[in-house]
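Subject: Structure for your review

Dear colleague,

Please find the structure below, together with its sequence. My notes on what was found in it follow.

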Amino acid sequence: AFVKQNLDILLACYDTLEKVNSCIDEEETRATGGSLTGPLDTVLRECNKCAESLFSSILNKKDKADRIRNALNVIERFRFLFGLPDSIDRNIADGAYDIVLNDYKKAKSLFSDTQVRVFKQVMDGVNGKIRGFSEDLKKRLLQPCCPLAEKKQHLRYLVEFEGIQDHDPAWESLKAQQEQVIQYLTEAKLTFQGNLLEIVSLAQLRGADQHSRISPLVSEFVDELCDNVTQSLPDYWLLCQAYLDGSLFPEVKRATDDQTEEDSMFSPPPTPTTQTRPAPYQSQLLALIEGVMELLNSIIRQYCLDMQLRLNSQQDVDHAIDMLETSRPLWSPSVVKRVKVCIDRLLSISLPIACLLPSLHLVRDLRKMCVRCLFERTEHNIRDLHTRENWVISQERGHTALPLLFQNIVLSLLSTLGEVMQENRVRDESVLLDPSSEMFNLSEMFYDVVVSFADCLKMLTDLLEEGEGDIKTEERLVLILGNCRHTILTIIPTLLDRFKADGYISQGDDSIDNRSLERYSTLERNIFDKYVNSKHAFLFGDIEHFLLPDAFPWANCNPPTAVSSYVQELALKLVMAQAELQNIDKDLLRRIIGHLLENVTVKLCSQVAGIDRFCKNGALQARLDTMGALTFFRNNMTSKCRTTMEDTLHSIPANGITSEDEAVLNMLLERFRHQNSVLISCLEYTPPGDKHFSPQGSGGDSITRRRSQKRIVKGKNMVRSPPAAAQSH
């Protein structure tokens with residue numbers, strides 16, 4: 001600049017010096033005394049040397065000051081570059097990542113190709129800080145608590161910071177996240193395997209029952225697996241979609257060649273554009289997700305379905321499988337529900353159904369296993385209810401708490417079954433699993449559950465038969481009969497209505513109703529017959545003893561003076577039998593008493609028919625005894641009893657019986673009725689509103705007690721039953 005401004009003066013000086021040099025050369029040519037400039041040169045050198053000794057330090061300081069001034073000018077001019085490392089640290093600490101990105105992009109555009117050593121050193125330091133920041137972003141992407149929006153921002157920064165290099169930072173980050181999920185699943189599997197081995201070892205060493213620890217262990221294991229997937233995969237899939245549609249890859253239009261360096265520095269930010277990734281990337285990303293799902297499915301199948309365990313020894317494996325199988329009904333419902341929730345969560349994020357089909361098959365297989373275990377466990381629990389029988393009559397009377405326990409167990413099964421059988425919400429109905437692949441024979445399963453209580457009652461009956469057969473045993477047999485009747489009338493209809501209401505059985509399907517009622521009815525008849533047969537010896541002893549041909553002189557006896565004592569003994573035993581039945585259902589009470597009376601009347605008729613010959617007094621005694629029995633039994637007699645008693649009276653000869661004899665019989669009957677009024681009232685007791693009974697159960701003939709008098713006719717001779725006034729109490 002100095003030379004440019006004083007160019008004319010410099011040229012004039014140069015011309016003047018050239019002229020002086022020419023004049024000196026001419027003078028030296030003409031002169032004879034030597035060179036004229038020699039002494040002058042010597043003088044000038046001495047002057048220069050003296051000047052240097054005087055001003056060298058000043059000149060050095062001036063040169064240093066000039067260098068410092070030039071350096072300061074350079075620093076001031078490129079203050080942005082030299083302050084960039086500190087600015088990057090400060091902005092990263094403050095979370096101002098956009099400023100870091102803009103500053104870095106500006107520095108790269110200005111100094112990426114510089115050959116200045118200082119600038120290259122500064123850029124190397126800046127690149128090192130950006131690499132450290134990129135590594136920190138990659139670590140944050142792997143944190144499970146990182147929100148999706150932050151993950152997208154971090155990926156965008158990675159793409160901006162490293163996108164100019166040969167590798168793809170977003171792709172590498174997505175692969176690292178998938179590998180981390182796989183690592184979580186693998187670690188969970190190894191932890192579960194270690195805990196399972198510990199439980200097996202404790203069970204083998206101490207001999208203690210460790211089954212109660214298996215169910216929570218399996219449930220927590222599956223929860224951990226599903227939690228890892230549901231917490232990681234939804235955000236991961238959304239990141240993959242952003243990667244595929246190009247929203248993570250803004251492409252900035254670069255400055256044109258005719259733009260100056262300053263223009264590019266201070267021009268407004270260019271508009272970003274997006275670039276969609278090609279199809280191979282999509283298939284590779286789906287392969288990453290399928291890898292996670294395949295690992296999840298294989299782990300759950302290995303430990304919950306196939307039981308393919310890998311422990312220290314085969315003995316440990318066998319023991320662990322036994323413990324898992326035994327506790328399977330406890331943990332399988334929670335496993336099915338947890339896996340279903342996991343699949344529903346993945347279905348809600350529009351994940352391709354092809355990735356989830358193996359998981360849907362897994363849910364189907366788990367559901368099959370769980371339903372089978374639930375029904376088997378329920379049947380086992382119901383059959384074991386006989387161990388919980390306390391023989392305490394419930395407030396409703398007629399039965400114990402056992403039928404209610406049976407009902408509660410089945411209702412609990414239905415509640416659990418409703419959660420297990422709930423279908424996943426698949427978006428596209430065309431890709432649903434084949435329904436036939438998940439068909440359950442629920443009708444047969446429910447039938448087996450319903451009739452398993454009949455097995456429980458039968459087992460109770462068999463256990464009582466193995467006892468001593470005392471009065472307490474007969475009372476318990478009556479309670480079993482009451483439980484069976486209550487189950488038929490109340491429990492089974494309630495359960496079947498619930499089955500149909502829940503949709504497990506079609507409304508028009510009555511096969512289970514008919515078959516189960518038939519099974520219980522058969523059991524009820526068997527128990528009923530056992531109880532009635534147990535009373536035969538108790539009731540028939542006096543009849544057989546008194547009505548034997550040799551026990552009483554029927555062919556040669558005195559006129560009757562009273563009803564035979566065996567009739568009163570028989571009535572007393574019926575009252576005792578009725579007292580045993582007071583706590584059961586009244587219909588069942590009348591049915592048992594009616595059946596006992598049928599057997600008594602049949603036995604009485606057969607014994608009377610077995611007498612070879614009657615005299616007149618013997619016939620009167622037999623007729624008096626029969627009428628006395630009618631006085632006791634009339635309120636509980638069935639049509640069969642009446643027919644049998646008619647046959648008994650018909651079998652007694654009536655020849656020679658006069659009206660005086662009939663009057664004597666009626667007088668003796670009246671006296672008998674008066675003497676045994678309390679006993680008669682006990683047998684006549686009928687609860688209010690209970691008018692009908694059937695000794696054969698629901699399928700027998702119903703008897704309506706609407707007759708207050710009954711005439712029994714034998715040829716021309718009639719014997720009236722006691723008047724109606726005496727029948728009430």
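I begin with a pair in helix 3 (residues 37-77), where D66 and K62 lie four residues apart, about one turn of the helix; helices here are DSSP runs of H or I with at least four residues, strands are runs of E with at least two, and both are numbered from the N terminus. D66 forms a salt bridge with K62, and their closest N and O atoms are 3.2 Å apart. The term salt bridge denotes a side-chain nitrogen of Lys or Arg within 4 Å of a carboxyl oxygen of Asp or Glu. D66 is partly exposed, at a relative accessible area of 24%, and K62 is partly exposed as well, at 48%. For these classes, buried means under 20% relative accessible area, exposed means over 50%, and partly exposed lies in between (1.4 Å probe, protein chains only).

Before I continue, two remarks on the basis of these values. This is a predicted model, in which local features need pLDDT of at least 70 and side-chain atom pairs count only at pLDDT 80 or more, while totals for chains, interfaces and linings use all residues. Residues are numbered from 1 along each chain as its sequence is written, and side-chain values use heavy atoms, with hydrogens and water left out.

Overall composition

The protein has 26 helices and four strands. Of its 729 residues, 43% count as buried. Among contacts (heavy atoms within 4.5 Å) between residues at least 6 apart in sequence, 79% join residues at least 24 apart. The protein exposes about 38,900 Å², of which carbon and sulfur atoms supply 52%; accessible areas come from the Shrake-Rupley method with a 1.4 Å probe, and for residues only the protein chains shown count as cover.

Further salt bridges

Side chains of opposite charge can pair when their charged atoms come close. The structure holds 19 salt bridges. One of them joins K458 to D462, with 3.2 Å between the closest N and O atoms. K458 and D462 are four residues apart in helix 17 (residues 442-465), which means that about one helical turn separates them. K458 is partly exposed at 43% relative accessibility, and D462 is partly exposed at 26%.

In helix 25 (residues 659-675), R673 and E670 are three residues apart, again about one helical turn. Their side chains meet in a salt bridge at 2.0 Å, N to O. Here R673 counts as buried, at 7% relative accessibility, whereas E670 is partly exposed, at 40%. Salt bridges that share partners also join E379, R383, D455 and R519 into one network.

A buried lysine

K500 is found in helix 18 (residues 471-501). K500 is buried, with a relative accessible area of 11%. Apart from neighbours within four places in sequence, K500 is in contact with I505, S506, Q507, D509, D510 and D513.

A nonpolar surface patch

F2, V3, L7, L10 and L11 make a nonpolar surface patch of about 480 Å². Helix 1 (2-5) and helix 2 (7-30) are the elements that give two or more residues to this patch, and helix 2 gives the most, with three residues. V3 has its place in helix 1 and is partly exposed, at 48% relative accessible area. Patches are made of residues with over 30% relative accessible area and no salt bridge; like charges are joined within 9 Å and nonpolar side chains (Val, Leu, Ile, Met, Phe, Trp, Tyr) within 5 Å.

With kind regards
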